Amino acid sequence: MLQLGCKALLLAALLAPIADLVARGEPATSVKDLQYGEMLFYYFQQDYFNSIVHLGIAREQQRLPNHADEAELMMGGLVLSYGMRNKAREIFQRLLDDEKNDLSVHNRAWLYLAKISYQRGDFAGALDAIAHVEGEMMPATRTATANLHSLLLMQKGRNAEAIELLENTRSGKHWTPYLKYNLGIARIRNGEQENGVQELVSITKQSSRSAETSMLRDKANLALGYSFLQTGETGKSRQALEQVRLEGPLSNKALLGAGWASADADDYSRALVPWTELSARDPADPAVQESLLAVPYALTKMNLFGRAIQKYKQSIEALNDEKINLDKSIVAIRDGQLLRYLQEYDAGSGDGWLQKLNLAADSPALRYQLSLMASHDFQEAVKNYRDLAFLEKNLTKWNSSIAAYDDMLASRQTRYQSQLPAATHVLKNNPLPALQQQHARLQDSLGQTEATSNIKGLANHNEKRQLQILSSIEKQLAELPDTPKTQELHKKQRLLYGVIYWQLSNEFKARLWKIRQQLSEVERLARQTDKVIGRLAQADLDTTNRFSGFESRIAAQKSLLKNLRKRTDKAIYAQGELLQQLAINELGAQKKRIDIYIVQARFALAQTYDSSLNNAAGRVQQ
Amino acid sequence: MEKKYYLQLQVILPAVLMLLFSTFTNADSTDTAAGLDEEIQSLKQDIVALNRSLFMLEEELLFPSNTQVAVFLSMDVGEFFALDSVQLKIDNKEVSNYLYTRREVEALHRGGVQRLYMGNLKSGEHEIVAIFTGKGPNGRDYRRGAELVINKSLGARFVELTIIDNESSEQPDFSVREWE
């Protein structure tokens with residue numbers, strides 16, 4: 001009786017479908033806008049908070065010209081993943097209301113709406129939403145829809161419809177062993193034992209040694225084992241349960257079931273093997289607590305009353321010790337240890353639902369974390385608490401940054417003020433027009449020099465001075481008497497003049513080209529200066545306006561930040577209280593269950609004493 | 001005797017089952033949880049909006065669009081190169097030296113684009129050099145550089161560094177390009 005009652009309970013839990021599908025082998029996303037890729041960088045790290053923030057910024061800055069259509073749908077999915085169901089619902093409803101959106105957008109919006117209802121536990125609402133998904137759809141959407149729809153149908157006990165749906169999806173490339181598992185469970189629930197078993201058996205035959213596959217194999221073997229147990233096929237049941245890894249997270253349940261399989265076949269000696277192994281494990285697990293009673297029960301069945309009495313006594317002691325542990329845990333949680341532990345752990349980077357708890361069970365407050373985390377309510381409470389812890393850190397970080405903004409702004413203002421007079425001077429007394437006129441005059445002059453082939457026009461300062469000296473010497477020589485010596489001097493003067501003139505004449509074109517180059521460079525610099533002055537004029541206006549804009553924006557954000565920090569502090573306190581209360585309630589319930597086990601063990605102990613005495617009396621009478 | 005034992009169990013079992021089936025929330029805590037959940041959703045929405053405003057404010061204040069330059073990193077397949085770090089130099093001055101986590105590399109493989117650096121540059125020509133360090137084909141240490149000269153004018157400029165698989169040489173290629 002004991003086994004059968006608990007067996008049915010465990011069976012119901014074990015024959016539950018898997019709700020979360022694991023994404024696999026997705027091709028890399030094609031990114032056409034950098035900022036969309038930036039959002040994906042956070043999204044692929046399951047950092048939903050920063051994905052949402054950066055997608056919002058990219059949209060506001062209009063930097064998603066190529067991904068604008070999908071951005072809204074993406075935003076809806078992100079906020080849903082981050083637990084903002086109300087906002088997600090609003091977005092998807094808006095997408096549905098927009099007639100411009102095509103069927104594929106509508107389908108995905110309905111699918112997300114169904115997920116929101118499913119997460120809220122509103123299965124009827126979820127079924128209603130998912131019924132709107134229709135027509136041709138992407139393979140991934142079709143599989144996701146079929147999965148959620150089948151889960152909802154199974155929830156309502158409409159297993160035959162779930163089977164049909166899953167069967168129709170089977171051929172898609174996104175079909176995974178998880179869906180196959182759910183199909184197997186749906187078949188068993190629908191009374192199609194043989195077909196269901198076939199589906200589950202095919203999962204157990206997968207050769208991959210990955211952690212994910214191993215876990216799924218264990219799950220399938222466990223479901224098979226309990227299913228065979230229900231149909232009285234104890235040999236098959238034991239065989240399946242013995243395939244579950246001994247060190248895996250499902251091994252306790254498998255050991256308990258394997259014992260039942262043998263006990264159902266009246267092979268108590270064999271049942272003792274897994275039950276004894278199980279009873280030596282951590283008694284915090286209900287399966288281990290169950291085995292503490294199952295071992296002496298089997299011994300009683302084998303008429304080993306003395307050993308059974310001893311075991312019952314040990315079990316009662318172990319269960320009492322467990323109650324003490326539970327009390328210690330409750331005291332530690334009341335003392336705030338659980339919350340402190342959660343706070344000390346990295347609050348993650350805002351990765352919402354997929355935040356993983358990786359707590360080491362070395363503290364009384366954490367001893368029962370595994371059984372606590374089995375509850376959806378507790379999981380949600382922890383996620384919310386950790387999300388709040390992340391938000392609190394985020395606000396603290398901004399609070400210190402924003403304090404520096406005032407200094408930065410002040411420093412920019414100071415720099416601006418120091419440079420303003422020079423800038424204003426340049427703007428008021430712009431030297432560029434005068435320089436440009438000078439440039440034009442030089443251009444004209446050069447043009448004339450070239451047109452008239454004015455070779456001396458390109459002489460440099462030194463050459464001009466030398467030519468002047470030689471002209472002056474020529475005049476002086478003309479006034480002197482015509483003697484051989486004077487003639488000699490005339491000759492020298494003409495020679496020197498000729499050398500300079502020849503040099504000028506020879507270099508005329510080259511000098512002309514060089515000067516043109518220089519004028520062209522001056523022209524380029526003038527244009528550049530013109531642009532700089534133009535920007536300066538623009539910057540002058542912009543900066544004046546921007547300072548006052550920044551000041552008011554910083555002030556507004558500071559006030560908002562202050563308000564949000566207060567709200568977050570209040571919420572984190574309330575959520576902490578709730579989390580503690582949930583944990584304490586659960587541990588209290590576990591204590592009550594142990595109390596019942598203890599009563600049961602004491603009663604069985606008394607019964608065993610009676611049986612022992614009767615047995616001895618019988619032997620004496622014989 | 002056996003029958004008596006089972007009868008006792010039959011009395012106890014329903015209580016056990018009831019305890020096991022029952023959730024550990026009561027009506028009050030469910031109401032509190034629902035109310036709090038609404039407030040947390042609202043807080044998330046407001047803090048997301050605040051972050052968006054503050055990031056934009058920060059960008060405008062620290063990196064005005066006239067001088068803004070942002071450098072992004074992406075991967076095109078990237079099977080021939082296991083990225084460890086990227087060193088970024090602008091005009092021969094190191095502006096970033098980023099070490100990647102496994103999760104970040106995985107996100108890049110899946111199509112994510114990382115904003116590696118954001119800073120200010122004056123108008124004119126600037127040389128951007130990126131040095132990629134990691135493991136190349138056959139697990140060998142690999143260090144390669146890529147460079148680009150950009151002509152910074154008015155308006156924000158975006159530069160993308162990409163690690164590409166060269167299928168013909170079975171080696172990684174590294175490119176730098178400027179987005180218009």
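In the predicted model, strand S1 (residues 68-76) of chain B is joined by six bridges to strand S4 (residues 114-120) of chain B, the two strands running antiparallel. Within this pairing, Val69(B) has Gly119(B) of S4(B) as its bridge partner. S1(B) also pairs with strand S7 (residues 157-166) of chain B, here in the parallel sense and over eight bridges, and in this case Ala70(B) stands opposite Phe158(B) of S7(B). Seven of the nine residues of S1(B) are buried, so that the strand is largely enclosed by the rest of the structure.

A further set of strands in chain B forms an open sheet of four, in the order S3-S2-S5-S6, with antiparallel pairing. The edges of this sheet are taken by S3 and strand S6 (141-152) of chain B, each of which has a single partner strand, so one side of each is left without a neighbour in the sheet. Averaged over the sheet, neighbouring strands are turned by 20 degrees against each other when direction is ignored. The pairing of S2(B) with strand S5 (residues 124-135) of chain B is antiparallel and comprises eight bridges, and the bridge partner of Gln87(B) in S5(B) is Ile131(B). In a regular strand, side chains alternate between the two faces of the sheet.

The loop between strand S2 (82-90) and strand S3 (93-99) of chain B contains Asp91(B), a residue that adopts a positive phi of about 50 degrees although it is not a glycine. Asp91(B) counts as exposed because it has 11 C-beta neighbours inside 10 Å, and the cut-off for exposure is 12 or fewer.

The secondary structure of chain A consists of 24 helices and zero strands. Of the 622 residues of this chain, 34% count as buried, and among its contacts with a separation of 6 or more, 65% are accounted for by residues 24 or more positions apart.

One pair of helices in chain A illustrates the packing. Helix H4 (residues 68-81) and helix H6 (residues 103-120) of chain A pack at an angle of about 10 degrees, with their axes 11 Å apart; because angles under 35 degrees count as roughly parallel, H4(A) and H6(A) are described as roughly parallel to each other. From H4(A), the residues Leu73(A), Gly76(A), Gly77(A) and Leu80(A) meet Val105(A), Arg108(A), Tyr112(A), Lys115(A) and Ile116(A) of H6(A). The residues of this contact divide into five nonpolar, two polar and two charged. In an α-helix there are 3.6 residues a turn, so residues three or four places apart point the same way.

H6 also belongs to the elements that cover the buried residues of helix H8(A), together with helix H7 (123-130), helix H9 (159-169) and helix H10 (177-189) of chain A, among others that may be included. Helix H8 (residues 139-155) of chain A has 17 residues and reaches 24 Å from its first C-alpha to its last, close to the 24 Å expected at 1.5 Å a residue. Because 12 of the 17 residues of H8(A) are buried, this helix is largely enclosed by the rest of the structure. Among the buried residues are Thr143(A), Asn147(A), His149(A), Leu151(A) and Met154(A). Just after H8(A), Gly157(A) takes a positive phi of about 80 degrees.

The two chains meet through 68 residues of chain A, which are in contact with 55 residues of chain B. On the side of chain A that touches chain B, two or more residues are given by each of helix H1 (2-14), helix H2 (34-43), helix H3 (48-60), helix H5 (85-97), helix H20 (376-428) and helix H24 (508-621) of chain A. The largest share of this side, 28 residues, comes from H24(A). By residue class, the side of chain A that touches chain B divides into 35 nonpolar, 20 polar and 13 charged residues.

Notes:
Residues numbered from 1 in each chain as written. Chains lettered and ligands numbered in written order. Predicted model: local features only at pLDDT ≥ 70, side-chain atom pairs only at ≥ 80, totals over all residues. Buried ≥ 20, exposed ≤ 12 C-beta atoms within 10 Å, placed from the backbone. Axes fitted to C-alpha atoms, helices over the stretch in contact; angles between N-to-C directions. Parallel < 35°, antiparallel > 145°, perpendicular 65-115°, else oblique. Contact = placed C-beta atoms within 7 Å. Nonpolar A, V, L, I, M, F, W, Y, C, P; charged D, E, K, R; others polar. Expected span 1.5 Å × (residues − 1). Pairing = 2+ DSSP bridges.
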